[in-house]
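Here is a report for a reader new to this structure. Please look over the sequence and the 3D view first.

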Amino acid sequence: MKRWFCGFSSVIDSSLANLPKPLNGEMLWQGANPFWVCGNWGKQQIITIAEGPVRLAIVGTCLERYESLVELFQNAVKKHDYSRLMRLPGNYNLIVQDEADTYVFADVAGFRPVFYTVYDSCIVYSSLGVALQQLINSEVDVSWLATDLVFLTRPPLEQNRSPFCNVHSVSPGHYLKISSGKPTCKRYWYEPQEYSSFSEAAEKLREQLLTAIEGRVRLYGNVTSDLSGGFDSTSLALIAAKSLATQDQKLHTITFKTIGAIQSEDVKWAEHAISLYPNIAAVMPEEHELPMEYSNFAAYSNLESINLTDTPNVAIHAIGKLIYAMEIMKSKGSQLHMSGEGGDAVLSTPDSYLIDLLKQGRIGIFFQYLYGVSQLSCFSPLALMSSSVKLSFTSYRQWLLQQAKKLRTDWVLNQEPMSADSINDIMTWDFVPYLTIWYTETFVNLVLAEIQTWTTVARPFGSSPWRNEYMAELHLTGLATRILQQLAEASDVNLEFPYLDSLVIDACLSAKPEERKNPFAYKPLLSKALDRDLPKSIFTRNTKNDYTVDESTGFQQNLDVIKELFQTSLLADMGLIDIRKFRAAIEQCGMVLNRNKSFLNTTMGVELWLRRVKNGSHRFWM
């Protein structure tokens with residue numbers, strides 16, 4: 001990881017000589033509460049302003065004009081309210097040091113996290129959890145690992161948990177305040193309280209998306225983009241191409257021509273989009289030129305060559321393709337590469353929005369949409385209605401208790417891997433935890449104990465099931481894209497995701513949930529938002545990509561490497577998995593197309609991340 005920041009906050013006026021110093025760090029301010037940025041940040045990614053004794057740093061991509069930013073900062077100092085400065089276009093961390101207190105803001109999606117810990121008499125905060133783990137030499141939190149393996153990836157907001165013991169995280173949409181040497185986390189972001197009309201919400205989304213994309217083009221100059229053929233990346237790339245065309249510049253894009261991309265028509269749609277703008281310089285590697293899925297597993301024989309990330313990567317099988325793409329973009333001189341990842345999470349709505357329609361007495365539209373959802377999900381309307389009614393009377397705490405009971409029953413009665421595609425995954429408060437055959441009794445007991453603890457403290461991020469599930473999906477996406485960004489940094493490429501900008505998220509949430517997603521139109525809000533900016537032909541697609549065949553082929557071709565890699569397991573040493581059952585599942589997946597491969601990917605991702613963390617060869621401190 002080549003770009004991060006850290007700072008110290010202490011009630012004692014310590015000498016800088018006594019504080020740890022980060023490697024390759026540049027101190028932006030000093031004194032008792034010094035702050036560093038570390039690594040090869042671009043000049044566009046660091047903004048500093050001072051107003052009397054109050055100092056501000058914006059780290060990331062802020063698209064507000066500097067003059068306006070200075071004025072907003074001066075007003076924030078007068079009102080002693082810095083959260084207003086997180087409502088600007090772009091995606092960034094905000095750090096404020098005033099005379100007495102320190103404020104460190106995480107973004108709404110969790111793409112730019114904040115961690116903190118105690119070191120001697122100081123509170124140390126950082127954008128990297130692994131840097132703090134190394135500083136205090138802490139162990140991995142085994143309970144965190146267990147819940148991560150069953151897809152309960154977002155512990156209660158009150159716990160501020162991270163993968164490491166004694167290293168705490170600031171929840172997305174919250175900020176860390178350090179006052180008199182004591183850290184507290186407070187929420188600053190709330191979803192829009194009132195809905196706009198569909199047209200007004202679409203106009204808000206249009207304005208924010210154009211600002212997010214065109215603003216990055218102006219700020220970074222040489223911008224490149226994904227163009228997978230999907231609706232989200234296509235929209236992003238075409239807006240960028242239009243903006244660059246006014247400057248007589250090309251937009252370099254990348255599209256993978258894999259078997260899955262061809263079969264799902266992604267390549268066809270990408271080629272169509274490319275034909276619409278002559279300044280798009282497309283790179284379209286053929287199947288035989290690309291690293292195969294899981295081919296990167298061979299590199300784990302030398303852990304020091306593997307990029308370290310803050311959290312496990314569940315998409316570990318696709319790392320080879322990501323690095324391949326980033327190396328190509330680097331060769332094009334990319335200052336910023338934009339990805340359409342995040343579009344699904346931001347633009348969509350969990351199907352549990354049906355419950356709100358029911359509670360609001362909108363019976364006609366409830367039954368209309370219920371039938372449409374049932375057709376898409378292949379569940380009977382009666383079963384879906386029953387599940388909707390049941391969940392409408394279930395609190396978040398009751399839902400957690402139900403999941404604990406379900407896990408106990410599953411463990412006793414069914415030790416076979418289960419598919420995460422039941423009706424309970426549609427009508428739910430959060431991600432539903434699932435067990436597989438290779439989890440141990442120790443593992444199950446850890447998860448049950450965690451859920452039991454959560455029931456006493458947990459409160460949902462949103463007031464209704466769909467709101468909470470929406471935020472859970474958004475935070476999981478923020479976590480996943482952060483990992484992708486950290487991997488891209490190894491190629492010296494700055495990878496960003498405009499759909500995760502807070503103002504884009506706000507614009508989407510200003511639309512009614514049934515208008516963001518309904519069973520009769522594909523991403524209707526995005527289509528409406530961009531209908532006068534982009535060619536009509538790109539809005540005619542109503543299908544989603546499916547790369548199952550690429551993943552399955554890669555798994556089978558690399559089966560010997562995978563089997564050799566998992567002869568032993570740190571997770572097994574911890575008592576969390578049964579290595580014999582795990583290896584048997586690998587063998588089975590290698591012989592047939594297995595719909596439960598996601599469970600394997602998750603376990604393999606956690607195991608390999610754990611090995612890399614335990615290796616400890618990456619140094620962050622002098």
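## Around Thr61

Leaving aside its neighbours within four places in sequence, Thr61 touches Pro89, Gly90, Asn91, Tyr92, Arg112, Arg216, Leu219, Tyr220 and Glu496. Contact here means heavy atoms within 4.5 Å. The model is predicted: local features need pLDDT of at least 70, side-chain atom pairs count only at pLDDT 80 or more, and totals for chains, interfaces and linings use all residues. Residues are numbered from 1 along each chain as its sequence is written, and side-chain values use heavy atoms, with hydrogens and water left out.

Thr61 sits in strand E5 (residues 54-62). Helices (H or I, at least four residues) and strands (E, at least two) are DSSP runs, numbered from the N terminus. With 0% relative accessibility, Thr61 is buried. Buried means under 20% relative accessible area, exposed over 50%, and partly exposed in between (1.4 Å probe, protein chains only). The side chains of Thr61 and Glu496 make a polar contact at 2.5 Å. A polar contact is a pair of N or O atoms within 3.5 Å; within protein, one must be able to donate a hydrogen and the other to accept it, and residues adjacent in sequence count only if both atoms are side-chain atoms.

## The open sheet

Strands of a sheet pair through backbone hydrogen bonds, either parallel or antiparallel. Here, six strands form an open sheet, in the order E2-E3-E1-E9-E8-E10, with antiparallel pairing. Two strands pair if DSSP finds at least two bridges between them. Strand E2 (25-29) and strand E10 (168-170) are the edges; each pairs on one side only. Direction ignored, neighbouring strands of this sheet are turned by 25° against each other on average.

Look at one pair inside the sheet. Strand E1 (residues 3-10) and strand E9 (residues 122-126) run antiparallel, joined by five bridges. Gly7 has Tyr125 of E9 as its bridge partner. Helix H2 (residues 129-136) packs on the sheet and touches E1, strand E8 (114-119) and E9. The direction of H2 makes about 10° with that of E8. Axes are lines fitted to C-alpha atoms, for helices over the stretch in contact, and angles run from 0 to 180 degrees between N-to-C directions.

## Cysteines

How many disulfides does the structure hold? It holds zero. A disulfide is a pair of cysteine sulfur atoms within 2.5 Å. The table takes two cysteines that are in no disulfide.

| Cysteine | Nearest cysteine sulfur | Distance |
|---|---|---|
| Cys38 | Cys6 | 4.4 Å |
| Cys165 | Cys185 | 18 Å |

Cys38 is buried, at 0% relative accessibility. Cys165 is partly exposed, with a relative accessible area of 30%.

## Helix H23

Helix H23 (residues 597-615) has 19 residues. From first C-alpha to last, H23 reaches 27 Å, close to the 27 Å expected at 1.5 Å a residue. The expected span is 1.5 Å times one less than the number of residues. H23 is mostly covered, with 16 of its 19 residues buried. Gly616 follows H23 and has a positive phi, near 60°.

## Positive phi in two loops

Asn166 is not a glycine, yet its phi is positive, about 70°. Asn166 lies in the loop between helix H3 (142-149) and E10. Is Asn166 buried or exposed? Asn166 is exposed, at 57% relative accessible area.

Lys523 is not a glycine either, and has a positive phi of about 45°. The loop that holds Lys523 runs between helix H17 (513-516) and helix H18 (524-529). Lys523 is buried, at 11% relative accessibility.
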